[in-house]
Amino acid sequence: MSGIHYSVVVPAFRENGNLRPLVTRIFGALSQAGSPVSPHEVEVIIVDDNSRDGSVETVDDLRREGYNVRIIVRTTERGLSSAVVRGFRESQGDNMLCMDADLQHPPEYVPAMLASMSPTKQFALGTRYAKGVEIDEGWPLYRRVISSGARMLALPLTSASDPMSGFFGIRKETFLKARNLNSDGFKIALDLLVKCNIPGKAIAEVPFSFGVRSEGESKLTGKVMIRYLEQLAELYWFRFSALLVVFAIFLFILFVWFAQVLLNWYTGFD
Ligand SMILES: Nc1nc2c(ncn2[C@@H]2O[C@H](COP(=O)(O)OP(=O)(O)O[C@H]3O[C@H](CO)[C@@H](O)[C@H](O)[C@@H]3O)[C@@H](O)[C@H]2O)c(=O)[nH]1
């Protein structure tokens, strides 16, 4: 039986400059005295969409240096969410974590995030909206506005405080129950929270401060934002369709009743 109980999945596109600091800082944090998780129980899986920027060579070097990291290079698929799903499917660990490559999710939080999952806490959520947590001051105003607006729209769907977060974990047993996952767009955490029907009490929230990217560029484009609105519509339907159908039936009955009253009133004049 494998001694790997935890898998850290990192979707990456043109992130070569960030991979070495990311991996060394993750294992550095796990090796600290007092870390609740041992580095020997952890694997890191980079899911790269054929960046051809030297990421493969960097991961090879890190492996030779003894870090338990591997890279999956996808040549026929693209996209953040589908990359995360692929990484989760290939994970050996029962507890799986997703984080960005760009160091905006500080690797020093990885031990706490991994250890927060348990049979009763099926989902770990790195949240930027806990009391006293500061989003890094370098984060531009427009990104804060977009993030807050997107979060407000998603709040009726889940009791998680930061469903937009890309720093989250899920237990394999719950992930395997998810059906019809949306492989487009960026919002895989929200998709999992809704489709796996994860109640508030099963979510371990870990407050963290969101940093600024040190290398490379964000891939969040206008197209990704439009895709998010489409995804929201799908999730609202998924969650509330039964309620909407009941409401539609109620409206129909009301309409029939009202039509009858009108008809009686009208025929009463004859
Ligand atoms: N494999 C793969 N990885 C991708 C792709 N697009 C983005 N990524 C990777 O996914 C991570 C996040 O992408 P960014 O482009 O850095 O996203 P962001 O704008 O910083 O958005 C982040 O913060 C948001 C919160 O405001 C999160 O909602 C979002 O999920 C993400 O974590 C990075 O590691 C990036 O390389 C892709 O098409 N394919």
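Reader: A residue is buried if 20 or more other C-beta atoms, placed from the backbone, lie within 10 Å of its own, exposed if 12 or fewer do, and partly exposed in between. Which residues of helix 3 are buried?

Author: This is a predicted model, in which local features need pLDDT of at least 70 and side-chain atom pairs count only at pLDDT 80 or more, while totals for chains, interfaces and linings use all residues. Residues are numbered from 1 along each chain as its sequence is written. The buried residues of helix 3 are Leu80, Ser81, Ser82, Ala83, Val84, Val85, Gly87 and Phe88. Helices (H or I, at least four residues) and strands (E, at least two) are DSSP runs, numbered from the N terminus.

Reader: How enclosed is helix 3, and what do its buried residues pack against?

Author: Helix 3 is largely enclosed by the rest of the structure, because eight of its 10 residues are buried. Those buried residues pack against strands 1, 2, 3 (69–73) and 4 (95–98), and against helix 6 (172–175) and helix 7. Contact here requires C-beta atoms, placed from the backbone, within 7 Å.

Reader: Turning to the ligand, which residues come nearest?

Author: Ala101, Gly166, Ser218, Lys219 and Leu220 come nearest, out of 22 residues around the ligand (C-beta atom, placed from the backbone, within 6 Å). The elements giving two or more residues to this shell are strand 1 (6–12), strand 2 (42–48) and helix 3 (80–89).

Reader: What is the make-up of that shell by class?

Author: The shell has 10 nonpolar, five polar and seven charged residues. Nonpolar covers Ala, Val, Leu, Ile, Met, Phe, Trp, Tyr, Cys and Pro, charged covers Asp, Glu, Lys and Arg, and the others, Gly among them, are polar.

Reader: At what angle do helix 7 and helix 8 pack?

Author: Helix 7 (residues 188–195) and helix 8 (residues 222–267) pack at about 10°, with axes 10 Å apart. Helix 7 is therefore roughly parallel to helix 8 (angle under 35 degrees). Leu190, Val194 and Lys195 of helix 7 meet Leu235, Phe238 and Arg239 of helix 8. Four of these contact residues are nonpolar, none is polar and two are charged.

Reader: Which residues have a positive phi without being glycine, Arg14 for one?

Author: Arg14 has a phi of about 55°, and Asn180 has a phi near 55°. Arg14 is in the loop between strand 1 and helix 1 (16–31), and Asn180 is in the loop between helix 6 and helix 7.

Reader: Is Asn180 buried or exposed?

Author: Asn180 counts as exposed because it has 9 C-beta neighbours inside 10 Å. Arg14, with 18 such neighbours, counts as partly exposed.

Methods:
Axes are lines fitted to C-alpha atoms, for helices over the stretch in contact, and angles run from 0 to 180 degrees between N-to-C directions. Angles under 35 degrees count as roughly parallel, over 145 as roughly antiparallel, 65 to 115 as roughly perpendicular and the rest as oblique. Two residues are in contact if their C-beta atoms, placed from the backbone, lie within 7 Å.
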